[in-house]
Protein chains: 2
Amino acid sequence: MTELTSRRLEIDALRALWAIRHHGGITRAAEVLGLSQSAVSHKIKRLETSLDCDLLSRKPGAPMFTPAGEDLLDYAGRILGLHDEALLSLSKTSLAGRVALGLTEDTTCTDLARILGRFRRLHPNVSVRTKVRMSLILRAMLERGELDAAIIQVFAHEVRPTDLVLFREQLHWVKHPDFALSPEGPVPFLSFDDECFYRRWALDIGQDGGVVLETVFECASAAGIVAAVTSGLGVALLNGRHLQPEMEIITQGLPVPPALAYVVRRGRRVRNPALDTLVGEIESEISRYGGLALVS
Amino acid sequence: MTELTSRRLEIDALRALWAIRHHGGITRAAEVLGLSQSAVSHKIKRLETSLDCDLLSRKPGAPMFTPAGEDLLDYAGRILGLHDEALLSLSKTSLAGRVALGLTEDTTCTDLARILGRFRRLHPNVSVRTKVRMSLILRAMLERGELDAAIIQVFAHEVRPTDLVLFREQLHWVKHPDFALSPEGPVPFLSFDDECFYRRWALDIGQDGGVVLETVFECASAAGIVAAVTSGLGVALLNGRHLQPEMEIITQGLPVPPALAYVVRRGRRVRNPALDTLVGEIESEISRYGGLALVS
DNA sequence: ATGACACATGACAAATATCGATCAGGCCAT
DNA sequence: ATGGCCTGATCGATATTTGTCATGTGTCAT
């Protein structure tokens with residue numbers, strides 16, 4: 001009888017496995033799942049016992065997951081996707097309407113793409129128009145009522161009560177180790193382009209910090225900035241996701257960079273049930289996984 | 001806290017739902033799942049509570065599943081498919097080889113097609129050659145070693161210990177109500193074609209039953225026989241799956257038809273690991289669901 | 001009516017999950 | 001090395017879940 005009973009995966013266990021992968025570790029995953037660390041440890045152990053194979057390698061230095069674990073992880077992702085969609089589909093009302101949504105380039109490659117895709121499937125009568133722009137532009141569009149909502153970056157201290165926080169992020173001053181930062185003279189600054197949000201802050205710091213930045217490089221995409229930093233062109237403001245091993249974080253001589261948040265900010269339009277639902281789905285995804293996966 | 005915990009489907013519950021659909025009822029499903037009837041009833045109730053909606057209608061006469069139930073059933077099927085494939089993929093060895101498999105036309109539209117498809121995906125290095133023929137032909141091919149295994153119909157009393165029984169079936173003599181069966185004279189018989197397996201039995205009964213059959217209609221496909229019966233051409237031997245509401249089962253005046261079984265019968269080739277695995281997968285599918293779904 | 005049948009329900013027992021505490025091993029800075 | 005510090009494993013005590021048995025309720029065919 002154990003033969004049959006044991007060969008059965010549990011949704012919860014799969015979700016735990018997934019969380020471990022996407023938050024890098026059992027302890028982290030446990031927080032996110034709202035469980036104790038031991039509970040998650042047990043869950044995985046049970047899963048391993050029932051499958052009679054190792055999923056986590058438990059060897060330092062080595063990748064956390066065994067090949068079998070990676071395999072299962074793949075299935076887990078697909079199963080969980082279906083599972084969550086099934087739950088949503090049961091609560092689906094025949095929703096119709098329009099949503100004009102703004103995104104930053106950053107967020108297009110997160111779980112949001114997946115959520116939007118699913119939203120379209122579940123609510124085929126809602127037309128979703130998505131525009132990808134820079135944060136400052138999106139804000140202006142929200143102001144002008146051109147968007148119903150947008151996913152934008154804001155300073156952590158500017159988060160409004162009505163914003164839905166997707167995740168928080170810290171900016172860092174970075175440079176290449178070979179690049180020597182001289183205490184005098186203007187600091188060569190590698191900047192995103194005009195409408196970049198960090199840039200405003202960076203250029204403003206001249207006033208109080210006494211540091212003068214000189215923009216020596218401009219590029220709209222993060223990849224360009226990363227390349228410029230690693231070739232030692234100067235210093236840049238980058239978020240944790242873009243840090244490379246060969247970059248050095250500057251802790252001295254420059255003002256502490258601001259904390260950021262990615263939020264869903266709604267426009268002023270009063271009622272939009274389709275948007276309510278979409279935001280609700282994003283929200284429940286966050287509460288289920290304790291945040292969005294940054295890369296998919 | 002219940003908010004998150006409750007909104008979670010359980011694999012077991014989905015499997016129960018699936019079993020209820022495919023075995024037509026809670027009690028039947030319970031047997032198949034190796035549980036008590038109340039256990040399954042509880043399972044579904046819990047599922048309904050956690051989803052806060054009805055899945056089974058519990059109204060006599062009406063379809064057993066609510067629309068929500070049907071919806072979920074669809075997801076359940078997909079989730080269970082992935083789930084089972086995940087389990088299999090973990091035990092997959094890099095299997096290679098060849099399998100020559102025979103099928104009857106009947107079995108092509110059962111779960112077997114699904115299992116074969118999955119088998120190909122999981123073991124891309126195994127080449128599976130499938131031939132669809134009538135049972136008697138398949139037997140001959142097995143004898144000659146042209147097939148490694150075949151799924152054939154046999155009389156229940158002819159099942160060999162080495163056969164794997166997929167499902168059992170009872171044959172019935174059927175006719176249209178308007179067709180009067182006269183006690184004298186030959187009985188007009190609607191027959192599958194030459195190599196049909198029932199036909200042999202039917203023609204043999206002349207000896208002991210004293211009944212003489214006259215074949216008045218021959219057709220290779222079940223659809224043709226069904227049409228002939230409903231137009232009152234004569235009597236036929238049909239299995240339960242092909243019974244139509246307007247058919248009448250004949251219980252008097254003709255010998256009791258034999259019980260049949262669909263089995264996987266292996267050829268005489270000694271070793272074939274790929275075949276072993278395939279048969280194993282079919283077997284575990286059967287033990288998991290208590291048989292194969294006859295129509296997919 | 002009445003028995004057969006299919007399902008629901010409630011009480012209780014067994015299995016199983018979770019938690020908090022504790023322990024063991026690795027990593028890092030002194 | 002050594003002591004903090006972090007991560008994960010393990011243990012015993014509870015809490016929850018899940019199943020079974022016994023029984024109740026409705027429908028249907030006789």
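Good morning. One point before we start. This is a predicted model. Keep that in mind throughout.

Let's begin with chain A. Chain A has ten helices and nine strands. Its C-alpha trace spans about 75 × 50 × 30 Å along the principal axes. How much of chain A is buried? Of its 296 residues, 47% count as buried. Now the contacts. Take those in chain A with a separation of 6 or more. Of these, 76% are between residues 24 or more positions apart. The accessible surface of chain A is about 14300 Å². Carbon and sulfur atoms hold 54% of that surface.

Next, charge. Chain A carries 34 positive and 36 negative charges. Their mean positions are 8 Å apart. Where do we find a patch of positive charge? Look on the surface, at R98(A), R120(A), R129(A), K131(A) and R133(A). Let me pick out one member. R133(A) sits in the loop between β2 (126–132) and α7 (135–143) of chain A. Is R133(A) buried or partly exposed? R133(A) counts as partly exposed, because its relative accessibility is 38%.

T104(A) lies in the loop between β1 and α6 (111–122) of chain A. T104(A) has a relative accessible area of 6%, so T104(A) is buried.

Now salt bridges. How many are there over all chains? A search of the whole structure finds 30. Here are three of them, one by one.

In chain A, the side chains of R144(A) and E146(A) form a salt bridge, at 2.5 Å from N to O. R144(A) counts as exposed, because its relative accessibility is 53%. E146(A) has a relative accessible area of 40%, so E146(A) is partly exposed.

Another bridge in chain A joins R271(A) and D276(A). Here the N to O distance is 3.6 Å. R271(A) is exposed, because its relative accessible area is 61%. D276(A) is at 30% relative accessibility, so D276(A) counts as partly exposed.

Over to chain B. The side chains of R21(B) and E70(B) meet in a salt bridge, at 2.4 Å from N to O. This pair links distant parts of the chain. R21(B) is in helix α2 (residues 11–23), and E70(B) is in helix α5. The two are 49 residues apart. R21(B) has 35% relative accessibility, so R21(B) counts as partly exposed. E70(B) counts as partly exposed too, because its relative accessibility is 34%. Salt bridges can also share partners: they join R8(A), E10(A), D12(B) and K43(B) into one network. Look at the letters, and you see residues of chain A and chain B in that network.

Let's look at contacts between the chains. Start with E85(B). E85(B) lies in helix α5 (residues 67–90) of chain B. Is E85(B) buried or exposed? E85(B) counts as buried, because its relative accessibility is 9%. Leave out residues up to four places away in sequence. E85(B) then touches Y75(A) in chain A. In chain B, E85(B) touches R118(B), R121(B) and L122(B).

Now K92(A). K92(A) is in the loop between α5 (67–90) and β1 (97–103) of chain A. K92(A) has a relative accessible area of 40%, so K92(A) is partly exposed. Which residues does K92(A) contact, beyond four places in sequence? They are L122(A), H123(A) and D71(B). Take H123(A). K92(A) and H123(A) are 31 residues apart in sequence. In space, they are 7.7 Å apart, C-alpha to C-alpha.

Last stop: backbone angles. Phi of D52(A) is near 55°, a positive value in a residue other than glycine. D52(A) is in the loop between α4 (37–51) and α5 of chain A. D52(A) is exposed, because its relative accessible area is 68%. Now chain B. D52(B) also has a positive phi, of about 55°, and is not a glycine. D52(B) is in the loop between α4 (37–51) and α5 of chain B. At 69% relative accessibility, D52(B) counts as exposed.

That's the tour. Thank you.

Technical notes. Residues are numbered from 1 along each chain as its sequence is written. Chains are lettered from A and ligands numbered from 1 in the order in which they are written. This is a predicted model: local features need pLDDT of at least 70, side-chain atom pairs count only at pLDDT 80 or more; totals for chains, interfaces and linings use all residues. Side-chain values use heavy atoms; hydrogens and water are left out. Helices (H or I, at least four residues) and strands (E, at least two) are DSSP runs, numbered from the N terminus. Buried means under 20% relative accessible area, exposed over 50%, partly exposed in between (1.4 Å probe, protein chains only). Contact means heavy atoms within 4.5 Å. Patches are made of residues with over 30% relative accessible area and no salt bridge: like charges are joined within 9 Å, nonpolar side chains (Val, Leu, Ile, Met, Phe, Trp, Tyr) within 5 Å. Accessible areas come from the Shrake-Rupley method with a 1.4 Å probe; for residues, only the protein chains shown count as cover. A salt bridge is a side-chain nitrogen of Lys or Arg within 4 Å of a carboxyl oxygen of Asp or Glu. Lys and Arg count as positive and Asp and Glu as negative; His and the chain ends are not counted. The place of a charge is taken as NZ of Lys, CZ of Arg, CG of Asp or CD of Glu.
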